[in-house]
Amino acid sequence: MTSAEEQSKLAAKLMEPVGRIVSRHAVQLAPMLGNGTAATQSALNNDEAVKTVASYCYALLPGLVRLAVKEPAFISFVLANRVKLLGKLAAGETAATQ
């Protein structure tokens, strides 16, 4: 199996649960990336900030998902898909400030 195949399968399994976690816990996650939309956008480029958010989100995943997907693989997934997953935080902040 190639790395692209593995990433595709991982994305299929994780995109929905992670999206729900980001939506439900946006208030707690946004400060981990920074305050304000501009700060959040720049934090999306900061690997350490994204890893912190990914570790927080991993603990919130359903137990069966955590059994199937180990934390290092999950963090790699979030790093690879940070704009799709965490970009919603910046969009949410934009909507909240208007």
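Helices H1 and H6 pack at an angle of about 85 degrees, with their axes 10 Å apart. That makes H1 roughly perpendicular to H6. Here axes are lines fitted to C-alpha atoms, for helices over the stretch in contact, and angles run from 0 to 180 degrees between N-to-C directions. Angles under 35 degrees count as roughly parallel, over 145 as roughly antiparallel, 65 to 115 as roughly perpendicular and the rest as oblique. The model is predicted: local features need pLDDT of at least 70, side-chain atom pairs count only at pLDDT 80 or more, and totals for chains, interfaces and linings use all residues. Residues are numbered from 1 along each chain as its sequence is written, and side-chain values use heavy atoms, with hydrogens and water left out.

On the H1 side, Gln7, Leu10, Ala11, Leu14, Met15 and Val18 meet Ala73, Phe74, Phe77 and Ala80 of H6. Contact means heavy atoms within 4.5 Å. The residues of this contact divide into nine nonpolar, one polar and no charged. In this division, Ala, Val, Leu, Ile, Met, Phe, Trp, Tyr, Cys and Pro count as nonpolar, Asp, Glu, Lys and Arg as charged, and the others, Gly among them, as polar.

The chain as a whole comprises seven helices and zero strands. From the N terminus on, its elements run α-α-α-α-α-α-α. Helices (H or I, at least four residues) and strands (E, at least two) are DSSP runs, numbered from the N terminus. Of the 98 residues, 36% count as buried. Buried means under 20% relative accessible area, exposed over 50%, and partly exposed in between (1.4 Å probe, protein chains only). Among contacts with a separation of 6 or more, 66% join residues 24 or more positions apart.

The largest nonpolar core has 24 residues. Such a core is a set of buried Ala, Val, Leu, Ile, Met, Phe, Trp, Tyr and Cys residues joined through side-chain atoms within 4.5 Å. Leu14, Val18, Phe74, Val78 and Leu86 have the most contacts inside the core. At least two core residues each come from H1, H2, H4 (47-60), H6 (71-80) and H7 (82-97). H4 supplies the largest share, six residues. In soluble globular proteins, nonpolar side chains tend to be buried together.

Leu14 is found in H1. Its relative accessibility is 0%, so Leu14 counts as buried. Beyond four places in sequence, Leu14 touches Val65, Val69, Phe74 and Phe77. The C-alpha atoms of Leu14 and Leu61 are separated by 9.1 Å, at 47 residues apart along the chain. Phe74, with neighbours within four places left aside, is in contact with Leu14, Val18, Ala54, Cys57, Tyr58, Leu61 and Val69.

Pro17 also lies in H1 (residues 3-24). Pro17 is buried, at a relative accessible area of 9%. Pro17 and Pro62 are 45 residues apart in sequence and 8.2 Å apart in space, C-alpha to C-alpha.

In H2 (residues 26-33), Leu29, Ala30 and Leu33 are buried. Seen down the axis of H2, the buried residues fall within an arc of 105 degrees, so they line one face of the helix. The arc is that of the directions from the helix axis to the C-beta atoms.

Arg82 lies in H7. With 15% relative accessibility, Arg82 counts as buried. Arg82 and Asp47 are 35 residues apart along the chain, with their C-alpha atoms separated by 9.6 Å.
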